[in-house]
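Trainee: I have not seen this structure before. Could we go through it by question and answer?

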Amino acid sequence: MSARRDPLAAGRLAGFTLLELLIGVTVSSLLITISMLAWKPMSRSTLLLRDRALDTTELRLAVESMLQDLGGADTALPTSEPDELHIVREQAVAELAGAWSAGADEGILYALSNGRLERRDVALGTSVTVASGLETFEVERVAGTETHVTLSVGEGLGERQVELVWPR
Amino acid sequence: MSSPRRPETGFTLLECLVAVLVLSLLATGLAKLTVHHDRIVADLESWTAGDPTWFVVQVDDDLARLVGAPATLSAEPPPPLTPPPAPGAFEVTLTAVELQLDPPAATALAHLQEL
């Protein structure tokens with residue numbers, strides 16, 4: 001007669017039954033489905049927040065760069081090129097910056113190129129990208145007394161636009 | 001005849017409650033983080049709310065502009081900059097000068113006469 005012992009009777013087999021496994025898999029699937037459904041809007045919201053923060057930061061960078069130059073500016077006018085701003089420094093500021101030559105300052109040009117706002121110091125021969133991701137950069141002389149600069153970032157509901165007025 | 005009892009496996013109620021509590025805390029933390037992030041971004045972009053028009057205002061101080069003071073943004077049109085005094089518009093005559101060492105000070109009495 002065989003001496004094999006029944007493992008169940010010995011109490012050594014402690015696994016899951018098929019029914020337990022099926023219930024476990026079903027419950028896990030439900031939880032994963034619910035998590036995925038909640039994850040999609042959450043990730044979209046997070047990405048939207050990130051885009052908004054990025055757009056606002058770029059817009060602020062562009063404005064701050066122009067404010068820095070306009071702080072010591074004598075004139076700020078549109079050029080013959082579309083949407084290009086030409087800032088000419090006051091004589092003392094230009095002299096201190098080493099940009100005064102032949103009795104004039106050649107000035108600083110701001111222009112939008114492929115969404116990037118470029119600042120080109122014509123007098124000093126330097127060029128730098130001050131902001132990226134801009135949608136519009138429009139320069140307009142109004143009534144011969146004011147220069148209006150319009151900047152915008154983002155699209156649709158996330159669009160942000162500001163208008164700067166140089167009142168001289 | 002009864003079969004021997006199988007050893008009981010699985011989570012106790014206490015373990016389940018602790019796990020649920022930890023998960024809830026994590027979810028709450030994540031939600032608060034998102035809300036705070038949203039508030040920070042809203043603060044950051046508050047100056048662009050409603051597509052505003054900003055006037056560029058220069059500092060009304062020649063020396064500050066010379067050393068690079070940036071212009072600022074104002075919702076109201078700025079007053080015109082103070083024009084510099086016309087050179088040679090006055091004849092200045094010092095009538096009395098008083099110096100003091102402690103504390104160091106200097107006082108002058110000047111007479112201005114428009115030319």
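Trainee: Leaving aside neighbours within four places in sequence, which residues is A:L70 in contact with?
Mentor: This is a predicted model, in which local features need pLDDT of at least 70 and side-chain atom pairs count only at pLDDT 80 or more, while totals for chains, interfaces and linings use all residues. Residues are numbered from 1 along each chain as its sequence is written, and chains are lettered from A and ligands numbered from 1 in the order in which they are written. Two residues are in contact if their C-beta atoms, placed from the backbone, lie within 7 Å. With those neighbours set aside, the contacts of A:L70 are A:A76, A:I87, A:W166, B:V56 and B:A71.

Trainee: Which residues of the largest nonpolar core touch the most other members?
Mentor: A nonpolar core is a set of buried Ala, Val, Leu, Ile, Met, Phe, Trp, Tyr and Cys residues joined through C-beta atoms within 7 Å. A residue is buried if 20 or more other C-beta atoms lie within 10 Å of its own, exposed if 12 or fewer, and partly exposed in between, with C-beta atoms placed from the backbone. The largest core has 26 residues, and those touching the most other members are A:A62, A:L70, A:L134 and A:L151.

Trainee: Which element gives the largest share of this core?
Mentor: Helices (H or I, at least four residues) and strands (E, at least two) are DSSP runs, numbered from the N terminus. Among the elements that each supply at least two residues of this core are β8 (134-142) and β9 (146-153) of chain A. The largest share is five residues, and it comes from α2(A).

Trainee: Why does the end-to-end distance of α2 of chain A agree with its number of residues?
Mentor: The expected span of a helix is 1.5 Å times one less than its number of residues. Helix α2 of chain A has 53 residues (18-70), so it should span 78 Å. The distance between its end C-alpha atoms agrees with this, at 76 Å.

Trainee: What angle does the direction of α2(A) make with that of β7(A)?
Mentor: An open sheet in chain A has five strands in the order β1-β2-β5-β6-β7, with antiparallel pairing; two strands pair if DSSP finds at least two bridges between them. α2(A) packs on this sheet, touching β1, β2, β5, β6 (116-121) and β7 of chain A. Axes are lines fitted to C-alpha atoms, for helices over the stretch in contact, and angles run from 0 to 180 degrees between N-to-C directions. For α2(A) and β7(A), the angle is about 135 degrees.

Trainee: Which element gives the most to the side of chain A that touches chain B?
Mentor: In all, 25 residues of chain A are in contact with 28 residues of chain B. α2, α3 (91-97) and β10 (160-166) of chain A each supply at least two residues of that side of chain A. The most, eight residues, come from α2(A).

Trainee: Which residue of β1(B) is the bridge partner of A:E163?
Mentor: β10(A) pairs in the parallel sense with strand β1 (residues 53-57) of chain B, over three bridges. The partner of A:E163 in that strand is B:T53.
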